[in-house]
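User: Could you walk me through this structure with a few questions and answers?
Analyst: Happy to, let's take a look together.

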Amino acid sequence: MSSIANSNNLGPLVLQSVMPSILYTPTPYMNYRNVADKASVPMHGGTTARFMRARALKPATIQINPDGIDPGLQKPQRDVIDAIMARYGTGCIINETLLVQNQDPVLAWVGDRLGVAGKQGEDLLLRDFVVSAASPIYASGGQVQDNPTNYGVSDFSNLAATLDTNNAIKFTEGLKAIDGYGSGPTRPAFYMLASCELEPDFDALTGSGFISAYNMSYPNKAIPSEFGNIFNIRILVSSENGVARGASANGRDVYYNPVLGKQALTHISQDGESMRLIYRDPYFSGAYAQNATLVIKFWQAQALTQDTGIRNSLCTRAGNYGGV
Amino acid sequence: MAEYSRIAQGSFTSTGLPQIVNLPFQPSKVRLTNYTKATTPAQNGVPFAYWQAEMGQGFAVIEAFNSAPALITDIVTSNGISTFSAGLLLQYGPLLQIASISTASAAVVTTASPHGYASGQVVIMQGLYQSTTTGMPQIAGVPFTITVTGTTTFTIPWNTNQGNYTALSGSPTGAYVKQVLYPYLFVPGACYISALSLGTTTTVTTTSAHNFVVGQEVAFRVPSLWGTTQLNSLPNAVIPGSPIYGYVISVTSYNVFVVSINSSSYTAFNSNQAFNTAGLSYAQVVAVGDVNSGGVQISSGSPLYPPPYTVPISTTQVPAISFPGIQGGYFNNSSYGFIVGNGVGATLSSAVLVGASGNVIYYEAELSDLTQVDGY
């Protein structure tokens, strides 16, 4: 039987140098947070966020009678949209290493990951809310005989026509006359939030209306997640966009790609804050245990604040391009 | 006791169907006591059951009465106790072969093997072809609330007894059904319309639970193929650009409600869609607001300030775990918890884990500090 005292049985001494920075963690683009309007309920403001929208009045298209009798007056009305706040959070236990090592670097990177987990939570909540609440329009312009079909360029024409007919407001125009989101590389446009898996399908429409972000007139103004545009729809992609696997009429994947204008979707927080980072010092919780916790907590609600300005565009793919 | 463990206890009255128990956490251990079965020992009664995460989802260890009756140990290997973390949409159960679908209202779906579904669950179907030119692909991909009528049968709220639909039979290749796991995480939302009854008010039937309340403001999206386009919120000939909305004035059941729109002169609704469905968009109704100012009213057995609720089947209200809020508002219905399935013992094959309808079952659920299973 060998013994560790025999140096012939010992492995070589391995030296290690820890690189100064931690490697990046692959993280999807979070597009929903970016295109959503922002609103905040005040602290102690209750559980329900209420939005009100004035209804249009009947246009004054009939001349007033010259006999001096006033026409009947109109009753102004408002529509009300309510959203109920909910509380979310997650956290980590940092175990009892405080006395034997410097915990600051651990807290730093765990705090960093918690922040991302919180932001991604906000984004996924918005994503799934839109999947549930916005009306779907099935793609019909592609060649794949399924429901929905893959994208054809006519689908983008139809989507833009639907939102324009609904008087949806494009980004970089309209309310407050400001650039609501970015100073874009295209003229005023709607946004489509799409899955990265659809990139080959968009590429296939090059020459039929699709312009890659790489080939835009001002590519330096493209948003990092921007893949391109078709007519006046700017396409932002993310690997976490909604996909219903095997959910088409013939069992293909169905992609939920909301197309929206300004103020269509609102992300509601509390007291103007994004989220709260809570660190609890290590303390004795037993005869030996001494643990710390680091958690994030946030309040959120979400609402379709202009139902006319958003549609879920559903499509499948022209083919399975592989890649894992 | 460790610092971060969580323990919950409570009870429910069995319906004989899988029982969902919402908790503030996803337990790693569950213990059940069927008080009814423990009171009167009888063959196939399951007074005690136990599960922990390391066993795997859908398993359980049970103590059940044999023919003596004496307690023996047994295991459940499917439809036992499982946990859930309902936080993301677009998740589905396994594919099940469809054996047949009838042409009827409501259509009857028969699966090739026991489906294990419960009434109120939501499914989608695919590959609904009897031949290359016949079948009912018109309803493929549509979310349907099911009413279970047997171990391999359930109905869906759609009229397939129309000229463009052909019954499915003989387990057609590629015809599958699968469960939509968490269909109501965000409520209220967009619903597919299966029928419209026109008149001085408009009665709407949806394919799955609408979860609307009285006072809900709704908009219609009816593509021209479906007929009743006059319900659409736009265009508006009187005030161009201003959407026309309706209000829910009564809720009949989980998928039927009445809207304050006089549709007497409107075009009839047409669900007899053509066989070729490529690119077919469906008629929908979508929540856009409400005119309410108060929350859910207190009722017998409810909390003092009841939270909003869903109605997955019939008129049964299932409260969310969220805070109270104004009725009709958008709310999140995500949750953690566990499910007590209706699986049976491997030896005592008639000993049902969830017991019989009316059985009173007590539970203890625990999330331990230290577990060896990922996700806990």
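User: Across how many Å should helix H3 of chain A span at 1.5 Å a residue, and how far apart are its end C-alpha atoms?
Analyst: Keep in mind that this is a predicted model. Helix H3(A) covers residues 153–165, which is 13 residues, so at 1.5 Å a residue it should span 18 Å. The end C-alpha atoms agree with this, as they are 18 Å apart.

User: Within what arc do the buried residues of H3(A) fall, seen down its axis?
Analyst: The buried residues of H3(A) are Asp155(A), Phe156(A), Leu159(A), Ala160(A) and Leu163(A). Seen down the helix axis, they line one face, because they fall within an arc of 130°.

User: Which exposed residues does the face of H3(A) turned away from its buried side carry?
Analyst: The buried residues of H3(A) pack against several strands of chain A, among them S5 (136–138) and S15 (310–315). The face turned away from that buried side carries the exposed residues Ala161(A) and Thr165(A).

User: Which residue just after H3(A) takes a positive phi?
Analyst: Nice one to check on the backbone. The phi is about 60°, and the residue just after H3(A) that takes it is Asn167(A).

User: Turning to chain B, which residue in S12(B) does Val109(B) stand opposite?
Analyst: Strand S8 (residues 107–111) and strand S12 (residues 153–156) of chain B run antiparallel, joined by 4 bridges. In S12(B), the residue opposite Val109(B) is Phe154(B).

Key
Residues numbered from 1 in each chain as written. Chains lettered and ligands numbered in written order. Predicted model: local features only at pLDDT ≥ 70, side-chain atom pairs only at ≥ 80, totals over all residues. Pairing = 2+ DSSP bridges. Helix = DSSP H or I, 4+ residues; strand = E, 2+ residues; numbered from the N terminus. Expected span 1.5 Å × (residues − 1). Buried ≥ 20, exposed ≤ 12 C-beta atoms within 10 Å, placed from the backbone. Arc of directions from axis to C-beta. Contact = placed C-beta atoms within 7 Å.
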